[in-house]
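Trainee: Could you take me on a close look at the place where the two chains meet? I'd like the cut-offs along the way.

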There are 2 protein chains.
Amino acid sequence: MPSLSKDVVTASAPAKVILFGEHFVVYGEPAVVLAIDKRVFATVQLRKDDRIYVSSSDMRISGTFRGGKFQAEKGGSEARLKLEPTRSAVQQVLTKAQKKAGVNVKIKSDVPVSAGLGSSAAVATSTIVAVSNLLGTELSREQIFQMAYESERVVHGTPSGIDPAVSTYGGMLEFQKGKDFIPLNIETEVPLIIGNTKLQRSTGELVASVRRMKEHYPAIIDPLIQIGGKIALGAVGALRNNNLQAVGDLMNINHAILGAVGASHESLERLVYAARKGGAFGAKLTGGGGCMIALAEKRKLKRVCTAIERVGGTAFEARKTDEGARVES
Amino acid sequence: MPSLSKDVVTASAPAKVILFGEHFVVYGEPAVVLAIDKRVFATVQLRKDDRIYVSSSDMRISGTFRGGKFQAEKGGSEARLKLEPTRSAVQQVLTKAQKKAGVNVKIKSDVPVSAGLGSSAAVATSTIVAVSNLLGTELSREQIFQMAYESERVVHGTPSGIDPAVSTYGGMLEFQKGKDFIPLNIETEVPLIIGNTKLQRSTGELVASVRRMKEHYPAIIDPLIQIGGKIALGAVGALRNNNLQAVGDLMNINHAILGAVGASHESLERLVYAARKGGAFGAKLTGGGGCMIALAEKRKLKRVCTAIERVGGTAFEARKTDEGARVES
């Protein structure tokens, strides 16, 4: 991205949904993920000192990093952990640019946080693009991805890299552990509804509980996980053929298999069934949080949203976007 | 069963639940079924004419068969179809006994009808035992089973034979298409809660819809059905080891796979999740109707019942019984 030094730069990066493959990806099965037209915006400007100030209006947290120290402004003791990846993002660009400078970062988001929609990776990615543009440092997509991945590692240990990849490149990607991301270049429109149970769930705990099931009942859970992989690949074929009904059927089957390994929840079932009754092709939980997705004809999107809201969820429409991280202004 | 000719005889037969294997049994996978301590009672007496009068207080139907003709007393035009298996049961015993006689049959049931709990087979079985005892005709268990199976065929085409087998023999049985029933002789107590959504569902339509899924997505549905078989066999092992927690886990997995092939329903999910939250080891839909079962420690049975009732179901406790069809008086 060619860039000129400016006073204030805003960049954005898309959120993601996992269409197929959450949980099973941990065991080597393919996942299909896509960028949606809901974005995180990072607005950055240089400071006169060498501090890094980060504020997120959506998370209601803010604070200042100075060397190894952190001073919370809003959000108390939890603020540091939540803002650390953003600090890391800024720091990596400064290091790459070989500059010593202070930066203010303001984050605004179209998507709910901690909902499994990849908002934290989108924060890191948009921050990296904004800061590199601010400093006039050119970064390749690959470099942006690597830095965003590194920022996630600060708090998430060894993430799959799905989230920063989607935020960086946009579009639809196939991912399999230990392999490169494959851009799917699928032209089919993917009109989605994202429903949120507003239930906070720990992805880490869910992953651990799936692992326990697998350890207790390997003869049953292992083949189920393999079927999960077949579903993901079958869905890629159905998407290429523009067969949204088949994609929906496969979403329904995938959802049930996720239930079989213990990854679903009563509230998710309620929203999933409501979406199906509301006329969706299919519906399933997505990611490791409290969200679900439904696929529907465009003319039915509103009806499905309403159906989800009637049973206590929040819902919004989302489409696949091919626009990865970008400078906004 | 040795018997003397009497004026009035009451016999009973147990209802059944499918613990594992509904739907998948159609495709050759094993099923585990058991008789529960809820029974259907048939009270019979000889008439002075050659008519067969049948009344079912639970179904609120009654009517008289005379040769090939039927006269409804209660229940209108649908009464004939519902009472025909009972007529067939009586007729078979009369033929076997080489007697020409009229019989009154009064049916009372502990279990809801059309709920997938095998009440119609229990009606036929108890009627056969009662009439044979009334006439002083001895029948072996095998003969009772064959006659009850024949009665079911009158209206159900080619049933699996699971229901009349459980009603006749009692206990827990393993069944696989084309093979003999295997009595499981498991000593483990099986404390169950049966929850009823009160939703009338057509078993035939459900079976057809599972078949459609299998035809559309064989690469995915076929292995899922095979996993269903593994679950049933795994559960037999867990029952032999008195490991009810494992049986419960396997029920949960089995339920999810039934959901994957399209055999579940929103109302069933609500009851199943309520039972699990109420402290059950596990819960799943049972049979092809609107009922679910939960397995729980004895001290938690009431709590699980209440949990199911709170979300709109009816619920009752049931245990495995080894008592098959029997004369009551």
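Trainee: How many salt bridges does the rule find across the interface of chain A and chain B?

Mentor: Happy to! This is a predicted model, where local features need pLDDT of at least 70 and side-chain atom pairs count only at pLDDT 80 or more, while totals for chains, interfaces and linings use all residues. Residues are numbered from 1 along each chain as its sequence is written, chains are lettered from A and ligands numbered from 1 in the order in which they are written, and side-chain values use heavy atoms, without hydrogens and water.

The rule finds 2 salt bridges between chain A and chain B (a side-chain nitrogen of Lys or Arg within 4 Å of a carboxyl oxygen of Asp or Glu). One of them joins the side chains of A:Lys277 and B:Glu266, at 3.0 Å from N to O.

Around these pairs, chain A brings 25 residues to the contact and chain B brings 25 residues (heavy atoms within 4.5 Å). Together the two chains bury about 2,000 Å² (accessible area lost on being put together, 1.4 Å probe, summed over both). Carbon and sulfur atoms carry 73% of that area. On the chain A side, A:Ile220, A:Glu266 and A:Tyr273 lose the most area to chain B, together 29% of what that side buries.
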